Amino acid sequence: MGSCQSCFSIRSSLLPSPPSPSPPKDNAPSPSSSHIAGDVPPFSEFSLSDLRAATNSFSSDHIVSESGEKAPNVVYKGRLQNHNRRWIAVKRFTKLAWPDPKQFADEAWGVGNLRHHRVANLIGYCCDGDERLLVADYMPNDTLAKHLFHWENQTIEWNMRLRVALFIAEALDYCSDKGHPLYHDLNAYRVLFDENGDPRLSCFGLIKNSRDGKSYSTNLAYTPPEYLRNGRVTPESVIFSFGTVLLDLLSGKHIPPSHALDMIKGRNIQLLMDSHLEGNFSTEEATVVFDLASRCLQYEPRERPKTKDLVTTLSALQKKPDVPSYVLLGIPKHEEAPPTPQHPLSPFGDACSRMDLTAIHQILLMTHYKDDEGTNELSFQEWTQQMRDMLEARKRGDLAFRDKDFKNSIECYSQFIDGGTMVSPTVYARRSLCYLFCDQPDAALRDAMQAQCVYPDWPTAFYMQSVALSKLNMSKDANDMLIEATALEEKRQQGKGH
């Protein structure tokens, strides 16, 4: 059986490759690499079928939020079938909220070019017929509103409230610097907590709810006074809304700004503070935050502070910068447990799940070449000097492999493979392990894929792919491969039993 060069297309999506550049957009700001959060994918256009599959056809079970009548839209939780099965939040607008698809796409692309660790980043959009959808990274730890107003176990401690205020100020400052100073309807529901418990600003507020510019869906008592006059959002309006969030953080309640300002003027700080804090806060720090909120809520927009002023003031109040947010928030660290195989792991599977290369080496040594039977049928004419040279190269590779001289083993096995007369899935598996020992997981994955191509149902090929994927930090794909390998090995054992 000859080597199948097309096998690299079998799982090409698993091989790491540089992200393709996004289509250029007029005046679109480029992402700031120093502030990129994790492995956020490049902004792209999604198909409607992708998003239907991710949300189980927009099932009501997947709804995470619905807005009011003024700007109706629904946000769904979903999981992409590709992109490493990434969790996403999908905002679905009402039919014809944006009649012009180009206008919607331009808005989405502008925001999609923003990348910052204080923002729940926008990763895509969809325009299909009347459908208008935005796709963002999903934040698994609820909203500030949930933690402040509807908590079950414990309220947010004072230092975490100060961190929320700073992080959202930093997000607004970044967006402003990148040419996106307008944020629509900033409130406690727009502040989300990621898997580490870090607060982030929802990217959805950077895009209007519809073409008619309806920007505030909350109670009029919390709406900037100038918006009530002229119906337009300005950068100063965003600062006013930030002031209302500061009030939420201080009081633990949604207090109308006018009422809170009266209390601030009367210096009734203790009366306004959240009683659930039980006095565990600094009065001096609280006073600074009150004063900042008061400045944000000034009637005249020009008297409100700039985003950089917010960051400067709030940075000086941070007392526990090294304590992880999930600790301050009082939640367990969010670690999604990968699905485990339904059946007990074999020794090979167990070694792979633990990434124990030494144990895998011992298993491959013991198995030797017994799994290669039937993969080569050579004619008498092919027993040439070239064949003898190839087998000699393999033998040298085997000795080096046994002695854990992995670099020399790679060289000898490569001579055997490059000879091209004989194909051995075991050699590919062994060279794959050698590459892992030499810290070359990309090459190891390619060899394991080649072994699968030569021998499509060989558990070892899948096991080796699993380890290589783990080394590449692609844990979801690694676990899928481990499950597949376990099933194939079990099927094989059952076949031997009959």
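Mentor: Before we look around this predicted model, one cut-off to keep handy: a residue is buried under 20% relative accessible area, exposed over 50%, and partly exposed in between.

Trainee: Okay, then why is Lys404 called partly exposed?

Mentor: Its relative accessible area is 44%. You'll find Lys404 in the loop between helix H14 (385-402) and helix H15 (406-419).

Trainee: What makes the phi of Lys404 worth a remark?

Mentor: Lys404 has a positive phi, about 60°, and it isn't a glycine. Most residues other than glycine have a negative phi. Glu278 also has a positive phi without being a glycine, in its case about 50°.

Trainee: And where does Glu278 sit, and is it buried or exposed?

Mentor: Glu278 is in the loop between helix H8 (269-272) and helix H9 (283-296). Its relative accessible area is 67%, and exposed means over 50%, so Glu278 counts as exposed.

Trainee: How do you know whether Arg304 is buried or exposed?

Mentor: Arg304 has a relative accessible area of 5%, which is under 20%, so it is buried. It lies in the loop between H9 and helix H10 (307-315). Residues it touches, leaving out those up to four places away in sequence, include Pro225, Ile239, Phe240 and Cys296.

Trainee: What makes the link between the side chains of Arg304 and Glu226 a polar contact?

Mentor: The distance is 2.7 Å, and the cut-off for such a pair of N or O atoms is 3.5 Å. The side chain of Arg304 also has a polar atom 3.3 Å from the backbone oxygen of Tyr299.

Trainee: What are E8 and E9 part of?

Mentor: An open sheet of three strands, in the order E5-E9-E8, with mixed pairing.

Trainee: Why are E5 and E8 called edge strands?

Mentor: Strand E5 (119-120) and strand E8 (191-193) each pair on one side only.

Trainee: How do you know that E5 pairs with E9?

Mentor: Pairing takes at least two bridges, and two bridges join E5 to strand E9 (residues 199-202), with the strands running parallel. Val119, for example, has Leu201 in E9 as its bridge partner. Helix H4 (residues 158-177) lies across E5, E8 and E9, at about 40° to E9.

Trainee: What makes H18 largely enclosed?

Mentor: Of its 13 residues, 11 are buried, so the rest of the structure largely encloses it. Phe462, Tyr463 and Met464 are among the buried ones.

Trainee: How do you know that the length of H18 (residues 459-471) agrees with what a helix should span?

Mentor: At 1.5 Å a residue, the 13 residues should span 18 Å, and the end C-alpha atoms are 19 Å apart, which agrees. Just after H18, Asn473 has a positive phi of about 60°.

Trainee: How confident is the prediction, on average?

Mentor: The protein averages a pLDDT of 83, and 82% of the residues score at least 70. Residues 377-381 are below 50, with four contacts beyond near neighbours in sequence.

Key:
Residues numbered from 1 in each chain as written. Predicted model: local features only at pLDDT ≥ 70, side-chain atom pairs only at ≥ 80, totals over all residues. Heavy atoms only, no water. Helix = DSSP H or I, 4+ residues; strand = E, 2+ residues; numbered from the N terminus. Contact = heavy atoms within 4.5 Å. Axes fitted to C-alpha atoms, helices over the stretch in contact; angles between N-to-C directions. pLDDT = per-residue confidence, 0-100. Buried < 20%, exposed > 50% of the residue type's maximum accessible area, 1.4 Å probe, protein only. Polar contact = N/O pair within 3.5 Å; in protein donor to acceptor, adjacent residues only side chain to side chain. Expected span 1.5 Å × (residues − 1).
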